[in-house]
Amino acid sequence: MLATKDYDSIVIGGGIAGCSVAYELNVLGHKVLLLEAKKIASGSSYAAGAFISPMLGLPNDNKSFVNAAFFYTTDFYSSKFPTHFLQKGVNRIPKDREDAKDFERYYQYIDLKFSKKGQGCFFKEGGIVDSVALCQALIKGIDTVENTSVDTIKKVDEYWNIKDFKANNIVFATGASTGVVDIPYAPIRGVWGERITIESSLPLPYNQHKKVSISAQLGENKIIIGATSVKNNTQKKVDNQAAQKLLESASDMIDFHEAKVIDLRFGMRPASHDYLPMVGALFDIDANIRAYPEITNGRFISDEKLIVHDGLYLH
């Protein structure tokens, strides 16, 4: 039984996004409640390979953002949660001859320290996190209610109400399913991913990424292989055959012929159409149409003029 039902902020969603924002709000002094429909890190965060790797390519905004996030994330995990972050580096390997030619062009634009390892670029700061343990560590000491679905929210006397709880702010971190909120102006698509854990004694010293990602030896003869395979909202059939196909893709890099699949996970994570994150206040669609009816004909309205829902955020 929770000691209070009044909060500064309620976070909906117990994956890595929800747990991270709950952690940061707690650090800022907010009284936080986290609501999760199932179990903490039971969705796409459970299925994530959770490899932390930089982005290669020609200069562009997306690459700059991803690599800024890479620096922030590796520093955050290594300083705050080192027991859940295995930082053994990552070797980015070209997928084919054309990709190798692209790598040659990319070298001059790599703004991170790296060394050449075989055909690849090795980044010593790269690593892999234990996503489930990390989520649980992030919300330690934060009020959390699992197995609680949120179907409706209602504002009463300046407070947002969810079931028996109320708060000044609500943060939606519901992944590929936006759930109770409707955001047609920023459609979220699903990105299907899967990972397997194999039993292998191969002494892999670092993580590797080509068509799929392969972890370093994690101990207890365990190695993780992960891949993002389908970029749409259709759930892919995942079974032992799919696991073997993922293992075969990894065997293009390393001979895993004696490996045994001991765990299979899969899930749908969210993504925007330009891959950049969607973070911030939610727009009040009805209020904006009333204030600016011309917006329905495609007229641009500057951000500072748009009307937002007070206290509702997407993360």
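**Close-up views of a predicted model**

**View 1. The buried face of helix α1.** The buried residues of α1 are G18, C19, V21, A22, Y23 and L25. Keep in mind that this is a predicted model. An α-helix has 3.6 residues a turn, so residues three or four places apart point the same way. The partners that the buried residues of α1 pack against are β1 (6-12), β2, α3, α5 (131-138) and β12 (165-172).

**View 2. Helix α1 from end to end.** How far apart are the end C-alpha atoms of α1? They are 16 Å apart, which agrees with the 16 Å that 12 residues should span at 1.5 Å a residue. Just after α1 comes G29, which takes a positive phi of about 100 degrees.

**View 3. Y23 meets F81.** Searching the whole structure turns up 13 aromatic pairs. In the pair of Y23 and F81, the ring centres are 5.7 Å apart and the planes are at 65 degrees, so the pair is edge-to-face. Y23 belongs to helix α1 (residues 16-27), while F81 lies in the loop between α3 (61-80) and β4 (85-86), so the pair ties together parts that are 58 residues apart in sequence.

**View 4. An aromatic cluster around the pair.** Y23 and F81 also belong to one aromatic cluster, together with Y72, F76, Y77 and F85.

**View 5. Two lysines over rings.** Here are two places to look for a lysine over an aromatic ring. K117 lies over the face of F122, at 4.8 Å from the ring centre. Over the ring of Y159 sits the charged end of K166, 4.9 Å from the ring's centre.

**View 6. A sheet of 3 strands.** The strands form an open sheet in the order β3-β8-β4, with antiparallel pairing. Which strands are at the edges? They are β3 (51-52) and β4, each of which pairs on one side only. Between β3 and strand β8 (residues 127-129) there are 2 bridges, and these strands run antiparallel.

**View 7. Confidence along the chain.** The chain averages a pLDDT of 89, and 94% of the residues score at least 70. Confidence is highest in strand β2 (residues 32-35), at a mean of 98, and lowest in strand β16 (residues 222-230), at 83. Where pLDDT is low, the predicted coordinates should not be read in detail.

Technical notes: Residues numbered from 1 in each chain as written. Predicted model: local features only at pLDDT ≥ 70, side-chain atom pairs only at ≥ 80, totals over all residues. Heavy atoms only, no water. Phe/Tyr/Trp six-rings, centres within 6.5 Å; stacked < 30°, edge-to-face > 60°. Helix = DSSP H or I, 4+ residues; strand = E, 2+ residues; numbered from the N terminus. Lys NZ or Arg CZ within 6 Å of the ring centre and 35° of its normal. pLDDT = per-residue confidence, 0-100. Expected span 1.5 Å × (residues − 1). Buried < 20%, exposed > 50% of the residue type's maximum accessible area, 1.4 Å probe, protein only. Contact = heavy atoms within 4.5 Å. Pairing = 2+ DSSP bridges.
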